[in-house]
Amino acid sequence: MSKQLGTVIKKVTGLRTELFRAHSSFRAFEVIQEMRAPNIIGKTDAARNAKAIGDYKGFLNIAEHSLNTEFMVALAKLYDGHRQATSIPRLINYIRSNINNLSIDDFAKHFKDSPDLKYRISDYVGVKESDLRIAEGLISGLSPSIEKLKILRVKRIAHLEVKSP
């Protein structure tokens, strides 16, 4: 059995979990924002919701900030370039260096005890260098947004910058 295929599956599962956390946190943050947006729900409902949120501002303001922070941290993890990080760019590099161990045979050996192996094999197409280049191109196209995210992460989360008077 290919140890490398098992590693790729674990890394993809971890990245998928982080993506889910980022999306869930952002969506919850967005819902709180929308509940106060008169252009989305109308002036009356927005004012009523803003008052209700204000009644619990000690909790909801912190929760809103926490959701925003969680979203940024989880999303930033997906693009972390540190050599020990599990991130999309690092996964691409790992796959590229182990591409010969990700064949259909390796896939079949990895899932040999699965009752639906026949169907899994029919769906598995393997990984090609061209797939990796496409993924790198997509990430490259997101580069300005990823850089902004990294700056936000450093400024808002990683470092406390107190300005001198």
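The crossing of α4 and α9 is left-handed, meaning that the near helix is turned anticlockwise from the far one by less than a right angle. Helices here are DSSP runs of H or I with at least four residues, numbered from the N terminus. This is a predicted model, where local features need pLDDT of at least 70, side-chain atom pairs count only at pLDDT 80 or more, and totals for chains, interfaces and linings use all residues. Residues are numbered from 1 along each chain as its sequence is written, and side-chain values use heavy atoms, leaving out hydrogens and water.

Back to our pair. Helix α4 covers residues 57-78 and helix α9 residues 143-158; they pack at about 130°, their axes 10 Å apart. Those axes are lines fitted to C-alpha atoms over the stretch in contact, and angles run from 0 to 180 degrees between N-to-C directions. Contact, by the way, means heavy atoms within 4.5 Å. Who makes it? On α4, the residues include His65, Asn68 and Met72, and on α9 they include Leu149, Arg153 and Ile157.

Now let's look at helix α5, residues 88-97, where Leu91, Ile92 and Ile95 are buried, that is, under 20% relative accessible area with a 1.4 Å probe, protein chains only. Seen down the axis, the buried residues of α5 fall within an arc of 100°, so they line one face of the helix; the arc is taken from the directions from the helix axis to the C-beta atoms. They pack against α1 (3-34) and α8 (129-141).

Last stop: Serine 25, in helix α1. Buried or exposed? Serine 25 is buried, at 8% relative accessible area. Leaving aside residues up to four places away in sequence, Serine 25 touches Leu67, Glu70 and Phe71.

Terms used:
Buried < 20%, exposed > 50% of the residue type's maximum accessible area, 1.4 Å probe, protein only. Helix = DSSP H or I, 4+ residues; strand = E, 2+ residues; numbered from the N terminus.
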